[in-house]
Amino acid sequence: MMDKPTTASSGFVSAQRSPDDGLPEDRMPEAEVALRLAEFILSLPGSGAMASVAIDGASIKVGDAVIFDIGRFMAATGWEQIKEPQVGRNAWTGTYRRGDKTIRVHSRPSEGDVVATVAGRRIVAECKKGPLVRKPGSPEYPLLTTALGQALLFEVSADDIVVAAIPDTPVFRKLAESWRSRPLVRRASIRIALVARNGAVSGLDL
């Protein structure tokens, strides 16, 4: 159980981040949730050397509007992109290295948003964005519902660990604490992980 030492505070997470990361203060983009989760998994004892992160191009840029500057974010968090030929690929895909760990970013559909290993077991995660401030209409409910539904459709083996990952906020935390005990969620053994902007993750229960 690794929940306690990695659990962020129950209030809105105070950002411990570089001023150069360019992140929006009112929300956590899906790509940020996925990359922070991958980074966290790679920091665990017994983790593999590489995590695979799938990012939809629409979550990076829509038209001329940049939704998430992945190069700026990775540089601000100490990851260096390994230069590779970009034939037929987006410039932001590829491999990023920090120390002896790597994160491989791709845009292939039908895979988990984050795939990594710890102690020889594969972790497959579905990640969702979310507001860091309260929004009317409670968007957190449908976001977590969708994450759980998509996680149920993964092609996994009996030893795999399936995760639905969302931002760590009071609303998401309340939902997670309630839904983890639901009979079908327990039967499916889906972990609901809360990812904080300061890099902490709770709920993996490894």
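Colleague: Why is Arg 197 called buried?

Modeller: In this predicted model, Arg 197 has a relative accessible area of 3%, and since buried means under 20%, the label follows. Arg 197 lies in the loop between strand 12 (190-195) and strand 13 (201-202).

Colleague: What makes the approach of Arg 197 to Glu 32 a polar contact?

Modeller: The side chains of Arg 197 and Glu 32 are joined at 2.7 Å, and because the cut-off for such a pair of N or O atoms is within 3.5 Å, the term applies. The side chain of Arg 197 also reaches the backbone oxygen of Pro 24, at 2.6 Å.

Colleague: Why is the pair of Tyr 141 and Trp 179 called edge-to-face?

Modeller: The ring centres of Tyr 141 and Trp 179 are 5.0 Å apart and the planes stand at 90°; centres within 6.5 Å make a pair, and planes over 60 degrees apart count as edge-to-face, so both conditions are needed for the name. Tyr 141 belongs to helix 4 (residues 140-151) and Trp 179 to helix 5 (residues 170-179), so the pair ties together parts that are 38 residues apart in sequence. Trp 179 counts as buried, at 8% relative accessibility.

Colleague: Which other aromatic pair is there, and what makes that pair tilted?

Modeller: The search of the whole structure finds two aromatic pairs, and Phe 68 with Phe 73 is one of them, at 5.4 Å centre to centre with 50° between the planes. Phe 68 and Phe 73 are both buried.

Colleague: What makes up the largest nonpolar core?

Modeller: This core has 39 residues, and those with the most contacts inside it include Leu 35, Ile 70 and Val 114. Helix 2 gives the most to this core, with nine residues. Leaving aside neighbours within four places in sequence, Ile 70 is in contact with Leu 35, Ile 55, Ile 60, Trp 92, Tyr 96 and Val 105. A second, separate core has 18 residues, among them Leu 144 and Val 162.

Colleague: How do you know that Lys 135 and Asp 26 form a salt bridge?

Modeller: Their closest N and O atoms are 3.9 Å apart, and because the limit is within 4 Å, the pair qualifies. Lys 135, with a relative accessible area of 40%, is partly exposed, and Asp 26 counts as partly exposed too, at 27%. Arg 27 is linked with Asp 26 and Lys 135 in a network of salt bridges.

Colleague: Is Asp 160, which forms a salt bridge with Arg 122, buried or exposed?

Modeller: Asp 160 has a relative accessible area of 13% and is therefore buried, the limit being under 20%, whereas Arg 122 counts as partly exposed at 30%. The closest N and O atoms of this pair are 2.9 Å apart.

Colleague: Where does the confidence stay under 50?

Modeller: Over residues 1-16 the pLDDT stays under 50, whereas the mean for the protein chain is 87 and 87% of its residues reach 70 or more. Where pLDDT is low, the predicted coordinates should not be read in detail.

Technical notes
Residues numbered from 1 in each chain as written. Predicted model: local features only at pLDDT ≥ 70, side-chain atom pairs only at ≥ 80, totals over all residues. Heavy atoms only, no water. Helix = DSSP H or I, 4+ residues; strand = E, 2+ residues; numbered from the N terminus. Buried < 20%, exposed > 50% of the residue type's maximum accessible area, 1.4 Å probe, protein only. Polar contact = N/O pair within 3.5 Å; in protein donor to acceptor, adjacent residues only side chain to side chain. pLDDT = per-residue confidence, 0-100. Contact = heavy atoms within 4.5 Å. Phe/Tyr/Trp six-rings, centres within 6.5 Å; stacked < 30°, edge-to-face > 60°. Core = buried A, V, L, I, M, F, W, Y, C linked by side-chain atoms within 4.5 Å. Salt bridge = Lys/Arg side-chain N within 4 Å of Asp/Glu carboxyl O.
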